[in-house]
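Colleague: I am new to this structure. Please put it up, and I will ask my questions.

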Amino acid sequence: MKLVLASASPRRRELLAQLGLGVAGFSFDVLATDIDESAREGELAADFVTRLALQKAQAGLALVADNSAAVLGSDTIVVVGERVLGKPQTAQDAFTMLRSLSGATHRVMTAVALVSATQMLQTLVTTDVTFTEMTDAQIHAYIATGEPMDKAGAYGIQGLGGSFVSRIDGSYSAVVGLPLVETRSLLQQMQLV
Ligand SMILES: Cc1cn([C@H]2C[C@H](O)[C@@H](COP(=O)(O)OP(=O)(O)OP(=O)(O)O)O2)c(=O)[nH]c1=O
């Protein structure tokens, strides 16, 4: 069965490639999908992120139009209290997000969906991430690097943002964009690894 990653994220591509270790002939195609990423009225964070991962995978499956393909979609959100933070639209947005993360613990939710013509598998991984206190000057300097702008919650734990993380409780790879252990389990269920 052919594996397709429905993602424009270079981080997800790198993470998925890690799962090929020791798997003869492991390879996958990459395909970007374009879905509406807005939340529905009253939709819970867990339902929202799960739906988006599934929609990305299904949109990918429709695009490949290959009955023998399995398509993987994923979505990551940052949740502060009840508020869902996606990617910042502006630098001001990024500032507001990072201020709300400073000196506090938030949840990062990453959902993964693996779909084929006949099967649909899903997983949701939640990780608690604690930030140290950030000064306004540190936040401005971080935003000026450009790193926050394409990332949920306006930070990248794998980059400069990692210096503000004092504690993580859960899956590091899920925070970066693809939970490796849980994704391997989905791939195993479809005999892809
Ligand atoms: C919290 C956090 C998020 N992120 C990234 C992961 C995701 O790529 C991004 C959240 O946006 P997503 O909408 O989940 O993904 P994407 O638009 O980058 O890629 P695609 O939809 O095509 O698969 O934020 C990090 O890289 N590091 C982090 O520490």
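**Helices, strands and a ligand**

Colleague: Which elements do the buried residues of α1 pack against?
Modeller: Helices (H or I, at least four residues) and strands (E, at least two) are DSSP runs, numbered from the N terminus. Contact means that two C-beta atoms, placed from the backbone, lie within 7 Å. The packing partners of the buried residues of α1 are β1 (2-6), β3 (69-80), α5 (172-176) and α6 (180-189).

Colleague: What kind of model is this?
Modeller: Residues are numbered from 1 along each chain as its sequence is written. Local features need pLDDT of at least 70, side-chain atom pairs count only at pLDDT 80 or more, totals for chains, interfaces and linings use all residues, and the model itself is predicted.

Colleague: Where do the buried residues of α1 lie, seen down its axis?
Modeller: A residue is buried if 20 or more other C-beta atoms lie within 10 Å of its own, exposed if 12 or fewer, and partly exposed in between; C-beta atoms are placed from the backbone. In α1 (residues 10-18), Arg 12, Leu 15 and Leu 16 are buried. Their arc, taken from the directions from the helix axis to the C-beta atoms, is within 100°, so they line one face of the helix.

Colleague: Which residues are exposed on the other side of α1?
Modeller: The buried ones are Arg 12, Leu 15 and Leu 16. Across from them, the exposed residues are Pro 10 and Gln 18.

Colleague: Which element gives the most residues to the shell around the ligand?
Modeller: A residue counts as near if its C-beta atom, placed from the backbone, lies within 6 Å. Of the 23 residues around the ligand, Ser 7, Ala 8, Ser 9, Ile 157 and Gly 177 come nearest. Two or more residues each come from α1, β3 and α5. With four residues, the element that gives the most is β3.

Colleague: Is Asp 75 buried or exposed?
Modeller: UniProt, in an unreviewed entry, places the feature "active site" at Asp 75; positions follow the numbering used here, feature names are shortened, and annotations may be inferred rather than shown by experiment. Asp 75 sits in strand β3. It touches Val 49, Leu 52, Ala 53, Lys 56 and Ala 111, leaving out residues up to four places away in sequence. Because 26 other C-beta atoms lie within 10 Å, Asp 75 is buried.

Colleague: How many bridges join β6 to β7?
Modeller: Strands pair if DSSP finds at least two bridges between them. β6 (residues 120-131) runs antiparallel to β5 (residues 105-115), with eleven bridges, and the two form a hairpin with four residues between them. β7 (residues 165-169) is also antiparallel to β6, and Thr 130 has Arg 167 as its bridge partner there. The number of bridges from β6 to β7 is four.

Colleague: Which helix do the buried residues of α4 pack against?
Modeller: In α4 (residues 136-144), the buried residues are Ile 139, Tyr 142 and Ile 143. They fall within an arc of 100°, so they line one face. The face turned away carries Ala 137, Ala 141 and Ala 144, which are exposed. The packing partner of the buried residues is α3 (91-101).

Colleague: Is Thr 135 buried or exposed?
Modeller: Thr 135 lies in the loop between β6 and α4. From Arg 99 it is 36 residues away in sequence and 8.6 Å in space, C-alpha to C-alpha. Because it has 9 C-beta neighbours inside 10 Å, Thr 135 counts as exposed.
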